Structures are given as structure tokens and as C-alpha cells.
Amino acid sequence: MERHIERVLNRVALISVSIATLILLYLLLQTPETCIPRNAPRKPHFRFPKSSCDFYSRDYLPLHKKNTRLWSSKFWITRVSSYTHFFTQLYQMGVLKNHSKVLCVSAGAGHEVMALTKLGVEDVTGVELIESLPFVSRADPHNLPFFDEAFDVAFTAHLEDALYPLQYAREMERTVRKGGVLVVVVEERSEEEVKEIVRLFRMSSLLHSSYLTFIGNRITRILLKNKASA
């Protein structure tokens, strides 16, 4: 009796496995149907659908329209205004002039580049790991694609985020001419901490450091003079 029940169960299991295998093969061989209408706009005028049945058309925004929307946002305007005030002080100190060649390292979306351009600086270059055209080009801050002494001023507000701070500082120095200025913004630091940061810049000497409020945060602004090309 037990053997009979065992044989029946084995047959049922075999039949179940066979049915499941056939269903799986059917599903794999079945060509899925799409619910996107044939007359729907083709890419790039069609964004990736939220689901398989999301066929609603979404207009593709060209870069200049995206930038126009971004640059008119309150967040963007506020940050550019803060950078404008910051760089105006450097103008008053004689660090910046309209003919200065300025490099902005780790420039993000380009707030500082726009601010400098609006102030009248004629030659501003912004670099970041991810480009943000038209203000910021793609480049590794640890390996800048510029000749030695190509700039009069180098600016960064992201030294603290650098993976290799010493190499980051060395590249800034290399690209700034002898007698040029490096401007570094960090979170508010003590005098000893400022000295540690300055030691990263082995070819430069400290000109001035001061405490400021920048975009609602207390920061330390460090100005260094490049003594010689690296």
C-alpha cells in the first residue's frame, strides 16, 4: 500500500515539474506586447517609461533650456550672489582683475564661474569630475590638463573633499604662475588648522587668512602666493 502511494506521489511530482517546465518555456518564448502606441514620439523625445504601460509623451529639453530653468531658480541665484560678494572683496584687495586668468577647481555646477564672469573677468575656467556645460569642463583636480603657470589665480572651495589633498594642492600650484595667488575656502578653522592646510602648498606662502560668513556658513578664506612653479 505504501509503495503504491509513493508511486502515485512520484508521478504527480513528475507531472507537476513537466507542466511548470512547459509554462516557463512558453513564457520565455513569448514575445511581449507593448502598450506604447505606434504613433508615440521616438527618442530622444520620449523619456524612459515609469512602467510598461506608461506611454505618455514627455518633451525632451535641450541643454540651453535646462540651463535657463536652472539659472532662474532661487537656489542658483542665491549661491551666485554669495560668490559675487565673495569675489568682489578679492577685487577690492587687488587679487582679481578683469584681465586675470582664473581657474576654479572642483567648480560643481559653475556658480563661481558665473559670478566671476558677471563681475567682468574675461578668462575663467571651471573644472570638475563631471562636466556642467557651458561653465564647467570635465577634468580630474588631481591631474589638471593645463600647462604649468597657465593661470594668475586658482580658486577652490572643496579642498576638504579631495581624495588626495597634497596632490590636489600640488596641481593648483603647478598651474598658477610665479607670483600668482591661490584662494582656498574651508570650513571655519583654528590658526593651527590653517597652518596645516598651508603646509599642503609647499611652493606657496601664506598671504592672509580671515573668517567670513559665506552662504550662511562660517568659513576661513586662505590666500597664498605662489613662490615658484612646481
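Which residue forms a salt bridge with E188? The partner is R218, and the closest N and O atoms of the pair are 3.6 Å apart. A salt bridge here is a side-chain nitrogen of Lys or Arg within 4 Å of a carboxyl oxygen of Asp or Glu. The pair links distant parts of the chain, 30 residues apart. E188 sits in the loop between β5 (176–187) and α6 (191–200), whereas R218 belongs to strand β7 (residues 217–226).

The model is predicted, so local features need pLDDT of at least 70 and side-chain atom pairs count only at pLDDT 80 or more, while totals for chains, interfaces and linings use all residues. Residues are numbered from 1 along each chain as its sequence is written, and side-chain values use heavy atoms, with hydrogens and water left out. Helices (H or I, at least four residues) and strands (E, at least two) are DSSP runs, numbered from the N terminus.

Accessibility places residues in three classes: buried (under 20% relative accessible area), exposed (over 50%) and partly exposed (in between), with a 1.4 Å probe and protein chains only. E188 is partly exposed, because its relative accessible area is 41%. R218 has 42% and is therefore partly exposed.

The structure holds seven salt bridges. Another one joins E171 and R174, with the closest N and O atoms 2.9 Å apart. Both residues are buried. They lie in helix α5 (residues 165–175), three residues apart, or about one turn of the helix. In helix α6, the side chains of K195 and E192 meet in a salt bridge of 3.6 Å, N to O. These two are separated by about one helical turn because they are three residues apart. K195 has 43% relative accessibility, so K195 counts as partly exposed. Salt bridges that share partners also join D148, E171 and R174 into one network.

S204 lies in strand β6 (residues 204–214). Its relative accessibility is 6%, so S204 counts as buried. A polar contact of 2.7 Å joins its side chain to that of E173. Such a contact is a pair of N or O atoms within 3.5 Å; within protein, one must be able to donate a hydrogen and the other to accept it, and residues adjacent in sequence count only if both atoms are side-chain atoms. Beyond its neighbours within four places in sequence, S204 is in contact (heavy atoms within 4.5 Å) with residues including E173, L182 and L224.

Helix α4 (residues 111–119) has buried residues, among them H111, V113 and L116. Their cover includes α2 (63–71), α3 (74–92) and β1 (101–105).
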